[in-house]
Amino acid sequence: MGEMISLMAPFLLLAFVFYFFLIRPQQKRQKQVNQMQSELKKGDQIVTIGGMHGTVHSLDEGTLVIEVDGGQKLTYDRSAVKQVVAQE
């Protein structure tokens, strides 16, 4: 029984390290991104994952329309929003 514990201890330690240094921080970041994307509103200045800067013109359940320089309007998925630069 003691040999079994001593053989499993390194694996348990490795699992502990992976969870607290890799998995848990990623889950926290993903939760923050999901919250930011769900709190978007008309007039927010945003940046998409592709680097497109624009202003939220209108919102739908899963998509949003972004107004870019020159008055052009583009439709994106909410998940394409990387960050909110300024809120209205």
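Tyr19 is partly exposed, with a relative accessible area of 37%, where partly exposed denotes values between those of buried residues (under 20% relative accessible area) and exposed ones (over 50%), computed with a 1.4 Å probe and protein chains only. The model is predicted, so that local features were required to have pLDDT of at least 70 and side-chain atom pairs were counted only at pLDDT 80 or more, whereas totals for chains, interfaces and linings use all residues. Residues are numbered from 1 along each chain as its sequence is written, and side-chain values rest on heavy atoms, with hydrogens and water left out.

A search of the whole structure finds 2 aromatic pairs, a pair being assigned when the ring centres of Phe, Tyr or Trp (its six-membered ring) lie within 6.5 Å, and being classed as stacked for planes under 30 degrees apart, edge-to-face for over 60, and tilted for the rest. The rings of Phe16 and Phe20 have centres 4.7 Å apart and planes at 50°, and the pair is therefore tilted. These two residues are 4 positions apart in helix α1 (residues 2-38), which separates them by about one helical turn; helices (H or I, at least four residues) and strands (E, at least two) are DSSP runs numbered from the N terminus. Phe16 is partly exposed at 47% relative accessibility, and Phe20 likewise counts as partly exposed, at 36%. Tyr19 and Phe20 form an aromatic pair that is edge-to-face, with 5.0 Å from centre to centre and 90° between the planes. Through these ring pairs, Phe16, Tyr19 and Phe20 are linked into a cluster.

With regard to the overall fold, the chain contains 1 helix and 5 strands, and its elements follow the pattern α-β-β-β-β-β along the sequence. The radius of gyration is 21 Å, well over the 12 Å that the globule rule gives for 88 residues, so the chain is more spread out than a compact globule; the radius is taken over C-alpha atoms, and the rule is 2.2 Å times the number of residues to the power 0.38. Along the principal axes, the C-alpha atoms fill a box of roughly 70 × 20 × 20 Å. Of the 88 residues, 19% count as buried. Among the contacts (heavy atoms within 4.5 Å) with a separation of 6 or more, 38% are accounted for by residues 24 or more positions apart.

Apart from neighbours within four places in sequence, Gln37 is in contact with Arg78, Ser79 and Val81. The C-alpha atoms of Gln37 and His57, which are 20 residues apart along the chain, are separated by 15 Å. When residues up to four places away in sequence are not counted, Leu64 touches Leu40, Ile46, Val56, Ser58, Leu59, Leu74, Thr75, Tyr76, Arg78 and Val81. Between Leu64 and Ile46, 18 residues apart in sequence, the C-alpha to C-alpha separation is 11 Å.
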